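Thanks, everyone, for making the time this morning.

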Amino acid sequence: MFQFIFSYIKAFFKKLVFTIKTILFLDKLNNYEMNGNVEKLSNLKFLKRTQLKVSFSNGRSIRGYSFDKNISSDPIYKIILQISKGKSLKEIKNDFSKTLQIEKNSSAQDIVGLKNHEKLNKYPAWSYVLPWEKMDIDQKFNNYKKIQIIKREEKSIENNYKNNFSKLTDLYSEEMVESQVLQSKKLYEKIYKFGFIYKLGLPSFYILIKEKKWRWYVSQGNHRSYTLHILKHRFMKGTIESIIDKKNANLWPNVKNGLYNIKDAEKIFDCFFEGKGAIGPCI
């Protein structure tokens, strides 16, 4: 009963904030802001957990690639692009499998683009964490594999194909490759045929701020954002996950716990901000 009341109150205040933003004309970015510039009222438009329409020209993939220049280097984006061009599933799976095999032999140090990082070098690529993430690397290492296997199992059921993911121990297996490719194919075909139905759920993204400039990068809904971009959408509507301001680098969780020093943390931030990629694994 308490949980129901709490959820109701939370939903009420969330709706109230949306309404206030709309009344005060804070629910839309102007052209200057849409192009990546911060004004006095911009921070009010960047309220956490509120919705905002953003431009792909100002966006980054979850791996730090800019949508306007470098996105074709993103492995998952490449899968969907190949699907849109009618490439055979066998070829797509082979290409993606080769990419995963390279990553399989990499460390978390390699994934975030740092050299001689003693701790990160001891962890596999998939266990990397970003400086501003709340989760530390040991939590990620202990939980991520199980979460990904469950996620693949759910996607296989959702998209009407079945693999025995519960017995998997290798995140770079052929079953994982097939799941990723088939999920991408099903989603692309659905959005191509019916359009993107925002009522079924919005993607989410982080806002990166560097002095008077800002960028966004995908948090949840990567496949949807890639598909919309491939289908020539200029904008995407989503929910703001949180704000990451470079000036607060010393307060980021994985800087405070000593995993990253400020110099390395800022280097990773700048990589995202500039959209050069590649940060983050393919799985």
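Let me begin where two helices touch: in α4, Ile76, Ile79, Ile80, Ile83 and Ser84 meet Gln180, Val181, Ser184, Lys185 and Tyr188 of α8. By class, the residues of this contact of α4 with α8 divide into six nonpolar, three polar and one charged. Please keep in mind that this is a predicted model.

As for the geometry, two packed helices are described by the angle between their axes and the distance between the axes. Here the axes of α4, residues 75–84, and α8, residues 174–194, come within 9 Å and cross at roughly 55°, which makes α4 oblique to α8. The crossing in which α4 passes α8 is right-handed.

Now to the sheet, which is open, has five strands in the order β1-β5-β3-β4-β2, and shows mixed pairing. Because β1 (51–55) and β2 (59–60) stand at the edges and each has a single partner strand, one side of each is left without a neighbour in the sheet. Further in, β3, residues 204–210, and β4, residues 213–220, pair in the antiparallel sense over seven bridges, and Ile207 has Trp216 in β4 as its bridge partner.

Finally, the helices that lie against these strands: helix α9, residues 222–230, lies across β4 and β5 (235–245) and runs at about 120° to β4. Helix α11, residues 262–274, also packs on the sheet, where α11 touches β2, β3, β4 and β5, and its direction makes about 110° with that of β3.

Notes: Residues numbered from 1 in each chain as written. Predicted model: local features only at pLDDT ≥ 70, side-chain atom pairs only at ≥ 80, totals over all residues. Heavy atoms only, no water. Pairing = 2+ DSSP bridges. Helix = DSSP H or I, 4+ residues; strand = E, 2+ residues; numbered from the N terminus. Contact = heavy atoms within 4.5 Å. Axes fitted to C-alpha atoms, helices over the stretch in contact; angles between N-to-C directions. Parallel < 35°, antiparallel > 145°, perpendicular 65-115°, else oblique. Left-handed = near helix turned anticlockwise from the far one by under 90°. Nonpolar A, V, L, I, M, F, W, Y, C, P; charged D, E, K, R; others polar.
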